[in-house]
Amino acid sequence: MDEGREEGHEDTRLADRAILLLRDPSASSYEELAGACKTLQHFAVDTWEEDYVRDAGGIGPLVSLVADDDAPCSTRECAAKALQNLTCGNWLNQEAVRFADGLKPLVQLAGQLDASDKAKEASRLAIKNLCEGNEENEKIIRAAGGAHSGARAEPTLPHNWEKNVEFIQRLIGESDLEPEQRALNREVYAPKPTGGVEIRIVRTSGHPCEGQRGLYTTLARGRGEKIIRYIGVVKKRIAGDTGNDYLFAVADMDADLDAERAGNEGRYVNDFRGIAPSKNVQLVDSRAASGELEVWFEAVHPIQPGEELLTCYGRNYSLA
């Protein structure tokens, strides 16, 4: 065994101290925890060191730090980078991360709206390593809304989707539509169509949107039922800017959701005027248990299968 790899060598002593610190995070600051992650990242340069960290119990604390929503993005980034190095070509460490329930937190960090670009990229690269030669990890990551970076992930587009609109199932920022970031996002995310609804080309004569698209339910809906989320790009609100027909003003926030360039099937819910006597769904915004903003189309009365979902977008909405 190479002397630099012997237990008791200075490098392993540093790794041991880092692992001890990470296993008792309440006794340390996030800055100190980030330093411990960096120590393990730099330590894990070969299989022996990678195995040493796993055998010493270092994988679980790193996963916990990635999943810690209260930790600064810079600290979670350091934890993701350490996992990236530890899982590069190391199947046992790939397995250890899965057994520590570390796959979903990495997918969530990679897609977190307010996460830094560096934290997102570190998570994506860790996901790539975790899926190399590991079908079980790849299956779980895809189920969580992600896809490994070894092969470009293409979303499964809903039937009748417009090809020039990015299909997403999570809120994104404007920077996510930049070509480079968009390519990175597609390496991780493979969104799936929403169940229970379908986009149809409107064929009804006299319908204001004849020849265009509308959204229809395939299931019976009860009053108050949340049917589909309204998804789009989170944008800072600009006073006096009417923008486009896909803007939703979020209550109690100086921000709008814009589904013009990116969104899900909810962007095809039409205004009821000229189609029906009244709306059958309304937009409501709330916070999930995690604190994440959610905007839903909610049924205002029972809706039968096959009915078009219709709402009221207000007086300023263009009916042309």
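Predicted model: local features only at pLDDT ≥ 70, side-chain atom pairs only at ≥ 80, totals over all residues.
In strand β8, Asp256 is the bridge partner of Ala249.

**Strands around β8**
- Strand β7 (residues 247–249) runs antiparallel to β8, and the two are joined over 3 bridges.
- The hairpin of β7 and β8 has 5 residues between the strands, and there Asp252 adopts a positive phi near 65°.
- Strand β6 (residues 233–236) also pairs with β8 in the antiparallel sense, here over 4 bridges.
- Across from Leu257 of β8 you will find Val234.

**Side chains of β8**
- In a regular strand, side chains alternate between the two faces of the sheet.
- In β8 (residues 255–258), Ala255 and Leu257 point one way, while Asp256 and Asp258 point the other way.

**Helix α2**
- Helix α2 covers residues 30–43, and its 14 residues should span 20 Å at 1.5 Å a residue; the end C-alpha atoms are 20 Å apart, so the helix agrees with that expectation.
- Its buried residues are Leu33, Ala34, Ala36, Cys37, Leu40, Gln41 and Phe43.

**Cysteines**
- A disulfide is a covalent bond between the sulfur atoms of two cysteines.
- The structure holds 0 disulfides.
- Cys131 has a relative accessible area of 3%, so Cys131 counts as buried.
- Cys209 is buried as well, with a relative accessible area of 14%.
- Cys37, in α2, is another buried cysteine.

Notes
Residues numbered from 1 in each chain as written. Heavy atoms only, no water. Expected span 1.5 Å × (residues − 1). Buried < 20%, exposed > 50% of the residue type's maximum accessible area, 1.4 Å probe, protein only. Disulfide = S-S within 2.5 Å. Pairing = 2+ DSSP bridges.
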